[in-house]
Amino acid sequence: MNIGPYEFSEFKELAVKFHGYAAPGLLIGGYMTTAAMAALPAGVLFEALVETYNCLPDAVQLLTPCSTGNKRLHVAPYGKTALSLFDKYTGRGIRARVDPGLLGPWPEIRAWIMKEKSKEEQDEALLERQIAEAGTTIIALQPVSVDLSRLNRKSDGPLAVCPRCGESFPTAHGSLCRACTEGAPYSAAS
Ligand SMILES: [Zn+2]
């Protein structure tokens, strides 16, 4: 079954170029994105809400115009294999998730999703074959309404130069930049 406009093997090549390797989550995420897109009304300007940082955001970035950089891709760290595509203006859209109840015929996918096997025990070739054969049949779709007020879509607003570090930052953050206020996760090194 195709992933978006791509044959399975083509999508795998794209995945390697973009993500480093054709991760199972990226392949499944490709099918999830394909299924959700197909269920959206034609011509809708949509954004994406992905419920994990693992793999799925890259599937959305490969198959849709939504990216973190253009702020049309939002990530909520729920650790769930689920994503929604929704109308940018109304929030109405489609949520796609892998339904554990549909994994009966696909034990290798189930074992991978539920982390039932160690990496060494997992048969990667079989897993990939099952993902390709299952396609969108393991995905449940559901209409949803996304609360747009909970997404980070605002512009940064006016900027100022931080008196401590001398770098520009949004004045909405306070009198100093957040890195200076909270302590940045980096420090100068030689
Ligand atoms: Zn600063």
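**View 1. The open, mixed sheet of five strands.** Here the strands line up in the order β2-β1-β3-β4-β5, with mixed pairing. Two strands pair if DSSP finds at least two bridges between them. The edges belong to β2 (73-75) and β5 (139-145): each has a single partner strand, so one side of each is left without a neighbour in the sheet. On average, neighbouring strands in this sheet are turned by 20° against each other, direction ignored; the axes behind that angle are lines fitted to C-alpha atoms, and angles in general run from 0 to 180 degrees between N-to-C directions.

A quick word on the model: it is predicted, so local features need pLDDT of at least 70 and side-chain atom pairs count only at pLDDT 80 or more, while totals for chains, interfaces and linings use all residues. Residue numbers start from 1 along each chain as its sequence is written.

**View 2. Where β1 meets β2.** These two strands run parallel, and three bridges join them. Look for Val 50, which stands opposite Val 75 in β2.

View 3. Is Glu 47 buried or exposed? It counts as buried because 25 C-beta neighbours fall inside 10 Å. The cut-offs are 20 or more other C-beta atoms within 10 Å of a residue's own for buried, 12 or fewer for exposed, and partly exposed in between, with C-beta atoms placed from the backbone. Beyond its neighbours within four places in sequence, Glu 47 is in contact with Cys 66, Arg 72, His 74, Phe 86 and Lys 88. Contact here means C-beta atoms, placed from the backbone, within 7 Å. Gly 91 is 44 residues away from Glu 47 in sequence, yet their C-alpha atoms are 8.7 Å apart.

View 4. Six helices and seven strands make up the chain's elements, in the pattern α-α-β-α-β-β-β-α-α-β-β-β-α along the sequence. Of the 190 residues, 30% are buried. Among contacts with a separation of 6 or more, 61% link residues 24 or more positions apart.

Note on methods. Helices (H or I, at least four residues) and strands (E, at least two) are DSSP runs, numbered from the N terminus. Two residues are in contact if their C-beta atoms, placed from the backbone, lie within 7 Å.
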